[in-house]
Structures are given as structure tokens and as C-alpha cells.
Amino acid sequence: MYKLLMSGSSDANECKLTTLKIIGNQIGDDGLKRLSDALATNECKLTTLDIRDNQIGDDGLKRLSDALATNDCKLTTLNISDNQIGVDGLKHLCKALATNECKLSTLDISCNQIGEVGLKHLRKALARNECKLSTLYIGYNQISHNGLKHLRDVLATKDRKLNLIT
């Protein structure tokens, strides 16, 4: 898959794939690292990536976050729900979200383990003008009702338009 995304198909035509769904395939951190290497190249045209339910943890998300923070990565929609992402991985993702280079507008991080501490990092990223997210799925992450209320309050003070789905 890496070769396909990087350098085109086997008949030497340029790969024009813009949407990739790899759901429930146990690609894990190692698979995501390889995929992230491809995403960080100008040759990769993916704008939508759905990698839910793949046993991805913080290490894989760190590498993906590095790719998202490059000018070459074109992803605008990312679904990483139902994985094993915790605070450490989310912290790296939030750093990427707060850059001008990151193009994500839709993010699904539901059904992970980000908790209240991860929510603090997310609030900081969302409050930055560079963050382009317009839709965020965040349910089932061990976040309290008060934590979500505080997130909404922070966004309201920044006059931020964000569709928050819990």
C-alpha cells in the first residue's frame, strides 16, 4: 500500500486515491507509521482517512501527527475512533492541529482513552486560530459532562464555529 500511495500504481500511473478506509484490520502502530510516511509526501493525494478499530496507540498517532503537520499532507477528514489512543498520543495530535500546515476540518476521536487530561490539550489546540477543525466527534472518552461544558464555554469565548458531537 505504501508504494501505491507514494509512487503510483503498478502500471506507473499516478495514484489518484483520495479516500482510504482501513477499518478493523489491526494495522497497529507499525502499519500507521508506514502509512504516515506516505501521507507526508507530495505524491500522496489522500484527503480522507478512516482507520477506526485498528489497535492504534500513542506511538502510531505521534507519527501520524508529524505527517499532519507537514505542508504535503492533504488530509482534511480523519477517523481514528475505537483505537487505544491516550493522553500522550492526543498531545502530539493537538500540536499538529495548532499548526498552519494541518488541514484537518473533521476529526473523529471517539471511543478512545483521552480523559480529562487529554481534553485540556484539546481545548488549547481548538482555541488557536490556526486550528481548522469544524467537526469533532469526541464521545466515549472518559470525559465528564463538566469537562465537555468547559470545552463548549472555551469555544464560545473564542467565537469558534465547531460542531461538537459527543
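Reply: In this predicted model, Asp29, Leu32, Lys33, Ser36, Asp37 and Leu39 of helix α2 meet Asp59, Gly60, Leu61, Arg63, Leu64 and Ala67 of helix α3. By class, the residues of this contact divide into five nonpolar, two polar and five charged. Two packed helices are described by the angle between their axes and the distance between the axes. Here α2 covers residues 28–39 and α3 covers residues 58–68; their axes come within 8 Å and cross at roughly 5°. Angles under 35 degrees count as roughly parallel, so α2 is roughly parallel to α3.

One charged pair spans this contact. Side chains of opposite charge can pair when their charged atoms come close. Asp37 forms a salt bridge with Arg63, with 3.0 Å between the closest N and O atoms. The pair links distant parts of the chain, since Asp37 lies in helix α2 and Arg63 in helix α3, 26 residues apart. Asp37 has a relative accessible area of 32% and is therefore partly exposed. Arg63, at 32% relative accessibility, also counts as partly exposed.

Another of them joins the side chains of Asp50 and Arg52, at 2.7 Å from N to O. Asp50 is buried, because its relative accessible area is 7%, whereas Arg52 is partly exposed at 29%. A further salt bridge is formed by Lys149 and Asp153, whose closest N and O atoms are 3.0 Å apart. These two residues are four apart in helix α6 (residues 145–157), so about one helical turn separates Lys149 from Asp153. Lys149 counts as partly exposed at 44% relative accessibility, and Asp153 is partly exposed with a relative accessible area of 36%. Salt bridges that share partners also join Asp59, Lys62 and Asp88 into one network. Asp59 is also one of the α3 residues that meet α2.

Glu43 sits in the loop between α2 and β2 (48–50). With 42% relative accessibility, Glu43 counts as partly exposed. Its C-alpha is 8.0 Å from that of Cys15, although Glu43 and Cys15 are 28 residues apart in sequence. Ser81 is placed in the loop between β3 (77–79) and α4 (87–97). At 4% relative accessibility, Ser81 counts as buried. Leaving aside neighbours within four places in sequence, Ser81 is in contact with Arg52, Asp53, Asp108, Ile109, Ser110 and Asn112. Among these contacts, Arg52 is the partner of Asp50 in the salt bridge described above.

The cysteines are the last point. A search of the whole structure finds zero disulfides. For Cys73, the closest cysteine sulfur is in Cys44 at 7.2 Å, which is too far for a bond. Cys73 is buried, with a relative accessible area of 1%. For Cys94, the closest cysteine sulfur belongs to Cys131 and lies 8.3 Å away, again too far for a bond. Cys94 is buried as well, with a relative accessible area of 5%.

Note on methods
Residues numbered from 1 in each chain as written. Predicted model: local features only at pLDDT ≥ 70, side-chain atom pairs only at ≥ 80, totals over all residues. Heavy atoms only, no water. Axes fitted to C-alpha atoms, helices over the stretch in contact; angles between N-to-C directions. Parallel < 35°, antiparallel > 145°, perpendicular 65-115°, else oblique. Contact = heavy atoms within 4.5 Å. Nonpolar A, V, L, I, M, F, W, Y, C, P; charged D, E, K, R; others polar. Buried < 20%, exposed > 50% of the residue type's maximum accessible area, 1.4 Å probe, protein only. Salt bridge = Lys/Arg side-chain N within 4 Å of Asp/Glu carboxyl O. Disulfide = S-S within 2.5 Å.
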